[in-house]
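Reader: I have a structure open and would like to learn how to read it. Can you take me through some features, one by one?

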Amino acid sequence: MREQAWQRFRPSGRQQGRRRRAVPAATAVAVGVMTMGVLAPPAASAAARPDTVQQGLNALVHTDGLPAALASVKDREGRTRTYTAGVGNLATGAKVPKDGQVRIGSTTKTFTAVVVLQLVGEGKVGLDDTVDTYLPGLVRGEEIDGRHITVRQLLQHTSGLPDYESLIDDDILQHRYFDPHDLLDIAFQHKADFAPGTNWGYSNTNYVVAGLIVQKVTGRPLAEEVDQRVVKRIGLRHTYFPAPGDMTIRETHPKGYHRDSAGAPLRDVTEMDPSAGWAAGQMISTGSDLNRFFTALLAGRLLPAAQLAQMRTTVPIADTGAGYGLGLMSRPLSCGGVYWGHGGDILGYETRGGVTDDGRAANVAVTSIPTGGAATKHLESVVDTALCR
């Protein structure tokens with residue numbers, strides 16, 4: 001459920017069992033057959049040149065040792081190209097499916113934030129209301145008090161709530177069902193990371209609480225609200241919130257793999273119970289669907305202008321150049337400007353991507369969480385390459 005913001009900063013990630021330090025708000029806010037599918041033909045001159053996105057995916061497989069990589073890229077004119085590299089199934093040598101489904105981890109947070117902000121626009125939730133306005137007495141622990149934490153602070157990771165993710169062993173995470181309240185029980189065994197509103201610290205716990213607020217206000221399961229308010233509204237045909245007990249990926253997909261440590265063999269973790277992610281990281285999608293989602297979001301098709309403006313109001317994340325809004329991140333581009341999105345990872349998969357204000361979109365996924373910062377940096381650079389060419 002992580003979103004690794006640049007090489008030096010890994011929000012929401014496991015840190016070998018250690019607690020994550022908060023960033024002050026003042027300074028914050030293998031080798032296989034390579035294939036490329038083309039959904040819309042490129043110009044003849046572009047076809048004659050080596051494709052830099054394909055080269056980037058190839059390097060993720062050959063140099064960084066990731067089993068597979070896949071990308072979906074949309075240019076300013078709306079032309080889309082899909083790319084693949086590596087092997088989709090290490091046991092059989094099967095090709096990587098073009099635009100295959102993957103687990104999207106923390107990109108789920110943007111979907112959850114959209115639903116919360118829709119409720120804000122409808123006057124059913126207040127961004128500066130406290131958690132106790134909706135869930136009285138639920139958020140309590142050492143230096144933890146829902147009477148002093150706002151909805152805005154949940155969505156922007158400035159609440160100080162401790163993260164539960166690094167406290168759950170990978171094997172347990174893969175096989176066990178977690179109710180959202182189980183996740184809060186794990187988190188609240190630890191004291192707050194900081195006083196609400198004083199620092200910035202990425203925590204999946206924030207979005208579990210936000211998901212529970214959605215359920216309390218609407219009287220419906222979060223998965224249904226996401227499906228009705230977002231997925232069906234903009235026609236995402238390959239995106240869904242897995243039902244309890246659903247450990248599979250419905251449609252064509254590359255297998256996901258995991259290394260227990262650097263140098264350890266890859267093991268197949270495609271089938272898993274994603275409930276530990278829930279509102280923070282449970283969903284499944286494709287690169288083209290994520291491009292469609294973020295394009296629609298930035299175009300104002302999912303939120304009123306006032307709520308979209310709030311979502312895009314960021315605090316900086318250390319000195320990375322990235323900023324965090326309300327479930328939405330901005331990242332600088334090497335060609336100037338920024339792009340907006342939210343990556344993430346969960347056992348077996350890591351995704352990065354987003355869209356620009358002028359309509360460019362790119363999403364890149366790999367089928368194992370990189371064990372080193374260099375590979376993550378390379379993954380993010382492929383997104384930059386796709387958006388800047």
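This is a predicted model: local features need pLDDT of at least 70, side-chain atom pairs count only at pLDDT 80 or more; totals for chains, interfaces and linings use all residues.

Reader: How do the lining residues divide into nonpolar, polar and charged?

Author: The lining has 4 nonpolar, 5 polar and 1 charged.

Reader: Now strand 18. How many of its residues are buried?

Author: Buried means under 20% relative accessible area. In strand 18 (residues 361-366), 6 of the 6 residues are buried, so the strand is largely enclosed by the rest of the structure. Look at its two faces next. A361, N363 and A365 are buried on one side, and A362, V364 and V366 are buried on the other.

Reader: Which strands pair with strand 18, and in what sense?

Author: Strand 3 (residues 68-74) pairs with strand 18 in the antiparallel sense, over 6 bridges. Within that pairing, K74 stands opposite A361. Strand 17 (residues 349-355) also pairs with strand 18 in the antiparallel sense, again over 6 bridges. There, G354 stands opposite A362.

Reader: What about the turn in the hairpin of strand 17 and strand 18?

Author: The hairpin has 5 residues between the strands.

Reader: Which residues other than glycine have a positive phi?

Author: Take two cases. E143 has a positive phi of about 60°, and H157 has one near 60°. E143 is in the loop between strand 6 (140-141) and strand 7 (144-145). H157 lies in the loop between helix 4 (151-156) and helix 5 (170-175).

Reader: Are E143 and H157 buried or exposed?

Author: E143 is exposed, at 57% relative accessibility. H157 is buried, with a relative accessible area of 0%.

Reader: Next, a helix. How do I check the span of helix 3?

Author: Count 1.5 Å a residue, then compare the ends. The 14 residues of helix 3 (residues 108-121) should span 20 Å, and the end C-alpha atoms are 20 Å apart, so the two agree. After helix 3 comes G123, with a positive phi near 75°.

Reader: Last, disulfides. How many are there, and which residues form a disulfide?

Author: Look for cysteine sulfur atoms within 2.5 Å of each other. The count comes to 1 disulfide. C335 and C388 form it, with their sulfur atoms 2.1 Å apart. C335 lies in the loop between strand 14 (329-332) and strand 15 (338-341), and C388 in helix 12 (residues 373-388), so the link ties together parts that are 53 residues apart in sequence.

Reader: What is the handedness of the link, and how accessible are C335 and C388?

Author: The link of C335 and C388 is left-handed, with -75° about the S-S bond. C335 is partly exposed, at 41% relative accessible area. C388 is partly exposed too, at 23% relative accessibility.

Definitions and conventions. Residues are numbered from 1 along each chain as its sequence is written. Side-chain values use heavy atoms; hydrogens and water are left out. Helices (H or I, at least four residues) and strands (E, at least two) are DSSP runs, numbered from the N terminus. Buried means under 20% relative accessible area, exposed over 50%, partly exposed in between (1.4 Å probe, protein chains only). Two strands pair if DSSP finds at least two bridges between them. The expected span of a helix is 1.5 Å times one less than its number of residues. Ala, Val, Leu, Ile, Met, Phe, Trp, Tyr, Cys and Pro count as nonpolar, Asp, Glu, Lys and Arg as charged, and the others, Gly among them, as polar.
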